[in-house]
Amino acid sequence: MELAEIFKQVNEIFKDIFEEDDIVIEAETSAKDIDGWDSLTHMQMITAVEKHFKIKFELNEILNFKNAGDMCRLIQTKLG
Amino acid sequence: MMLLEQIIKACESFSERNAFFTGEQYYTYREFAAAIAAVVEQVHERNSLIGLISEDDFATYASLFGILFSGNGFVPINPDSPPERNLQIIRQAGIRTILSSRPFKSQNELVEVGLRCVFTGNLPPAKTVPALPGVSEESTAYIIFTSGSTGIPKGVPITRKNISAFINAFFDYFGNIDERDSFLQMYDLTFDASVMHYLPALCRGACVYTVPRHEIKYLYAYKLLSEHPISFSLLMPSTLNYLRPYFKKIRLNDLRYSLFGGEAVFQQIIQEWSDCVPNARIFNAYGPTEASIFFMIYEWDPAKSGRKAFNGMVPIGKPMKDTVVALVDENLNPVTGKGATGELVMAGPQLTPGYLNQPGKNRETFFTMEYQGESGRFYRTGDLAFKDEEGDYMFCGRADNQVQIQGFRVELGEIEHHARKFTKIPNVAAVAFQNEVGSVQIHLFLESYSGKKKEVNEYLKAKLPSYMIPAGISSLEQLPVSSNGKIDRKALARLAENLH
């Protein structure tokens, strides 16, 4: 899948989790940029992404996400 | 030995050892002492209360001790809380000076009302070392504000004597802690579990690892635990819930003391966690802010503790050194029957002198009782408990409408108070429910509300700290009532669970 398409789909998941229709995620977007991005919403977001793309993240993969871009690139790798 | 004497001694004895690891950088006890002394030079008050913006950096910890060493008490203030709530706290505590390591969000609002803001982030280290302030041990060390059902936060003052009593009880139990230990400090300074993670560590020359405020806490905490030799940590059960899917891959060999607290602790998850921490002893620590951090403890033994759970919950154990506990009925008479349930009350040197400026609340909460031949001043925890044959206490529910969210105490009445004020609807109910990972969240129900729910949410966000904001808001034609005519909160909690 194209990275841009992954961003688009992940963006929809973000809108749903953070209940905010105006959210636009970029490669550099991280927890401090989004109101309400805390432990709980992070966990919900990871679970939603795993379910949507039918993939599983390892704990050390999640630890190394610095921003939304890192996550989208890893999704792309996992989708093969 | 009093608290600050122990800190001075640690700074002398362990000057080249690390006191902190914060922001990916180590700071030694020598640097810590010099930074404290630099802050003391900036504080021109004595026997006052000083606001402390609860950042997570080295300068903030130096400021906290600078306040204590200058003979004052600190009041932690979360810069992300609504300015209006922070102003309420500042007015109640009579704060004139605020220390912050860096500029913060609601700074302008606070300066406008005439507060002096001192920035401590770039102070040059002092040439001197901190000296004992010579103030009374009865003076306030800190005030932590907790949720109040009337809509106004309640200030809980903790004296220097209270803290010294906690430290004595702590080391009476955990006597082996020394300079080779490392503590994980993942809590905001407005939550008193934070105190347990820096004070005992700094008394013994150990190192404190802090979790930055804007990181995803459970992940950063795990990262620190896995990459550094951290030996002591109190985690909240909700943190474990987040890590649970990965338990099979987690092995933390350095952890020697794995404590839980802040919420009810379920034995199922502790059992699973015990495989992740093969060298750790596991404990459940219990105590409200009023009794200085915690005063009861239970060591969980994988071989036999399974039989001891009540409704799946791990016991809260026995009182620690110098604390007395009892169970009482509604009329505050001791409950004596074997295994009988009563409200847990405690007395001892860790107990706060009473809420700040709330005489009514103090009369309700503190009382004098003759117990085991001695008269003592007791505190009503509001928690229901019973005692088993071995003398271990079991928590079995609340006597009121208070819940624990992420370790913070929340009066559901406080949320309802603000919801009523905004919606003008008399029938509202905030209820706690368990979400899909077993953490507690709040849902707000309004009776026949036709306005926009988003506006209610925005209003609450302007009034309350983030942990008190409902995860969802619903309007029902009528709120369900139980047979005695009261709002049926249990039915609403089940409904909330289904809605999420």
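Helices (H or I, at least four residues) and strands (E, at least two) are DSSP runs, numbered from the N terminus. B:Asp188 sits in the loop that joins strand 9 (182-185) to helix 7 of chain B. The model is predicted: local features need pLDDT of at least 70, side-chain atom pairs count only at pLDDT 80 or more, and totals for chains, interfaces and linings use all residues. Residues are numbered from 1 along each chain as its sequence is written, while chains are lettered from A and ligands numbered from 1 in the order in which they are written.

- B:Asp188 counts as buried because it has 22 C-beta neighbours inside 10 Å; the cut-offs are 20 or more other C-beta atoms within 10 Å for buried, 12 or fewer for exposed, and partly exposed in between, with C-beta atoms placed from the backbone.
- Apart from neighbours within four places in sequence, B:Asp188 is in contact with B:Ser54, B:Asn78 and B:Ser194, where contact means C-beta atoms, placed from the backbone, within 7 Å.
- From B:Asp188 to B:Phe69 is 119 residues in sequence and 21 Å in space, C-alpha to C-alpha.
- B:Leu464 is in the loop between helix 13 (453-463) and strand 25 (472-476) of chain B, and B:Leu464 is buried, with 22 other C-beta atoms within 10 Å.
- Leaving aside neighbours within four places in sequence, B:Leu464 is in contact with B:Pro82, B:Arg85, B:Ile415, B:His418 and B:Ile469.
- B:His418 is 46 residues from B:Leu464 along the chain, and their C-alpha atoms are separated by 8.8 Å.

**Helices 2 and 3 of chain B**

- The axes of helix 2 (residues 29-42) and helix 3 (residues 58-69) of chain B come within 8 Å and cross at roughly 60°.
- That angle makes helix 2 of chain B oblique to helix 3 of chain B; angles under 35 degrees count as roughly parallel, over 145 as roughly antiparallel, 65 to 115 as roughly perpendicular and the rest as oblique.
- Helix 2 of chain B contributes B:Phe32, B:Ala35, B:Ile36, B:Val39 and B:Val40 to the contact, and helix 3 of chain B contributes residues including B:Phe58, B:Phe65 and B:Phe69.

**Helix 6 of chain B**

- Buried residues in helix 6 of chain B include B:Arg160, B:Asn162, B:Phe166 and B:Phe170.
- The buried residues of helix 6 pack against helix 1 (3-13), strand 7 (140-146), strand 8 (154-159) and helix 7 (193-203) of chain B.

**Contact between chains**

- Twelve residues of chain B are in contact with nine residues of chain A.
- Helix 8 (residues 217-227) of chain B gives the most to the side of chain B that touches chain A, with four residues.

Conventions
Two residues are in contact if their C-beta atoms, placed from the backbone, lie within 7 Å. Axes are lines fitted to C-alpha atoms, for helices over the stretch in contact, and angles run from 0 to 180 degrees between N-to-C directions.
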